[in-house]
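Visitor: I would like to learn how to read a model like this one, beginning with the ligand and then moving to the backbone. Could you take me through it feature by feature?

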Amino acid sequence: MTTANTTGAATTADAPGRHHRAEATIDLAALRANVAALRERTGGPAVMAVVKADAYGHGALPCALAALEAGATWLGTATPEEALALRAAGIGPDRARILCWLWTPGAPWEQALRAGVDISVSGRWALDELLAAVRACGVPARVHLKADTGLGRNGCQPHDWPDLVAAVLRAEAEGLLTAAGVWSHFAAADEPGHPSIQAQLDGFAAALAYAEGAGLRPEVRHLANSPATLLLPQAHYDLVRPGLATYGLSPVPEVGGPADFGLRPVMSLTARLALVKEVPGGHGVSYGHHYTTPGATTLGLVPLGYADGIPRHASNTGPVQIAGKWRTVAGRVAMDQFVVDLGGDTPRVGEDVLLFGTGEQGEPTAEDWARACGTVSYEIVTRIGGRVPRRYVGAVPGAPSAGGATA
Ligand SMILES: *Cc1c(COP(=O)(O)O)cnc(C)c1O
């Protein structure tokens with residue numbers, strides 16, 4: 001097993017007798033296999049591995065590098081800081097296109113231009129700031145026009161689309177930018193048959209037809225997030241943008257689990273029991289005493305809490321596996337720790353507590369936690385905090401030479 005200090009989080013040596021409280025193991029071989037499975041499933045389109053939010057908690061740089069090794073050619077980030085960090089780490093424009101889509105006024109446009117980051121534009125304010133930066137630094141932009149085809153979040157509304165397209169075409173004619181993409185994002189691709197899906201497919205086709213009719217020639221047209229990558233071939237166009245599926249989780253758990261799509265969860269979260277003790281019946285457990293021992297029993301202390309991303313909503317519901325048996329969070333999840341009722345068993349202090357993983361050893365999965373907490377597996381993995389060291393296994397990519405970076 002290998003370690004890599006690539007996320008800024010502490011890392012843990014995989015040596016016998018190592019001391020650790022908890023760790024998230026990130027299986028980059030699984031990530032590569034997931035990207036390969038998505039490429040095989042989709043056939044033609046390019047793959048953009050979405051690595052926003054520190055690769056959904058998995059570590060942006062190692063995950064980005066592994067995804068590129070497996071044939072992804074694009075990376076997707078929300079914030080400019082995320083995109084610039086990947087460039088600064090040595091993933092140059094020759095290695096991968098990076099699209100960044102969440103811009104606010106005063107954003108580091110010039111840095112993004114110099115670093116060769118593709119820029120999403122949803123409205124005139126952004127185009128105006130971007131063009132001012134292009135004029136200031138003399139580096140033309142690569143722009144992806146984002147249409148709001150029904151999500152109602154980011155993106156340009158249909159009534160503003162002709163104006164935005166016209167402004168982009170004028171700027172392109174002046175040599176200030178290349179119209180690199182036209183794109184949009186689904187509202188409910190994870191709910192097969194939802195009426196918004198067809199409406200958005202139609203809306204995207206209309207937005208594209210208008211732009212192309214006006215003379216725009218985008219290099220890539222893209223619409224598909226993970227659920228659309230898995231379930232909607234008509235949404236694939238030139239490029240798919242899987243996030244969650246890259247990390248081996250199913251975006252459509254009602255339709256199928258990861259294995260049904262040839263995917264394997266990348267993150268496993270374990271902790272080590274910090275205390276095992278006998279308590280009498282009727283003993284309140286953790287803040288507020290929302291659990292009371294039904295009889296004399298043993299309690300185990302798990303040294304992870306909501307500061308580490310364990311949802312407080314997991315109080316009395318979150319599942320863990322200890323010495324082969326499933327246990328449930330007893331009482332409230334606190335900031336740094338929670339308790340499980342061990343039912344009289346006495347596993348040793350230091351015993352592994354499996355919170356979630358692939359499920360292949362019978363342990364819970366991130367999806368089990370999502371169900372227990374009334375959320376989605378996206379949130380379970382993404383919120384695992386910076387205090388939890390990541391341990392990378394499965395052939396860790398070497399850091400790229402800094403030569404490709406210009407930021
Ligand atoms: C997060 C995000 C994605 C990836 O979504 P998944 O459902 O995780 O695949 C794709 N495109 C945009 C615009 C996003 O914000």
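Guide: We will go through the ligand site, then a helix, and then some single residues.

Guide: This is a predicted model, in which local features need pLDDT of at least 70 and side-chain atom pairs count only at pLDDT 80 or more, while totals for chains, interfaces and linings use all residues. Residues are numbered from 1 along each chain as its sequence is written, and side-chain values use heavy atoms, with hydrogens and water left out.

Visitor: How many residues surround the ligand, and which are the closest?

Guide: A residue is near a molecule if one of its heavy atoms lies within 4 Å of it. Here 16 residues surround the ligand, and the closest are Lys-52, Tyr-56, Ser-226, Gly-243 and Tyr-378. That shell divides into eight nonpolar, four polar and four charged residues, where Ala, Val, Leu, Ile, Met, Phe, Trp, Tyr, Cys and Pro count as nonpolar, Asp, Glu, Lys and Arg as charged, and the others, Gly among them, as polar.

Visitor: Which side chains place an N or O atom by an oxygen atom of the ligand?

Guide: The general idea is the polar contact, a pair of N or O atoms within 3.5 Å; within protein, one must be able to donate a hydrogen and the other to accept it, and residues adjacent in sequence count only if both atoms are side-chain atoms. In this model an oxygen atom of the ligand is 2.6 Å from an N or O atom in the side chain of Tyr-378, the corresponding distance for the side chain of Lys-52 is 2.7 Å, and for the side chain of Trp-101 it is 3.5 Å. Taken alone the ligand exposes 380 Å², of which the protein buries 95%, with accessible areas coming from the Shrake-Rupley method with a 1.4 Å probe, and for residues only the protein chains shown count as cover.

Visitor: Which elements give two or more residues to the shell around the ligand?

Guide: Helices (H or I, at least four residues) and strands (E, at least two) are DSSP runs, numbered from the N terminus. The elements that give two or more residues to this shell are helix H2 (52-56) and helix H9 (226-231).

Visitor: Why is helix H3 described as largely enclosed by the rest of the structure?

Guide: Buried means under 20% relative accessible area, exposed over 50%, and partly exposed in between (1.4 Å probe, protein chains only). Nine of the 10 residues of helix H3 (residues 60-69) are buried, so the helix is largely enclosed by the rest of the structure; among the buried ones are Leu-61, Cys-63 and Leu-65. Just after H3, Gly-71 takes a positive phi of about 110 degrees.

Visitor: Which residues other than glycine have a positive phi, and where do they lie?

Guide: One of them is Ala-53, with phi near 55 degrees, which is found in helix H2 and counts as partly exposed at 35% relative accessibility. Another is Tyr-237, with phi near 45 degrees, which lies in the loop between H9 and strand S9 (239-240) and is partly exposed at 26%.

Visitor: Is Thr-293 buried or exposed, and where is its place in the chain?

Guide: Thr-293 is in the loop between strand S13 (291-292) and strand S14 (297-302), and at 3% relative accessibility it counts as buried. The C-alpha atoms of Thr-293 and His-283, 10 residues apart along the chain, are separated by 5.2 Å.
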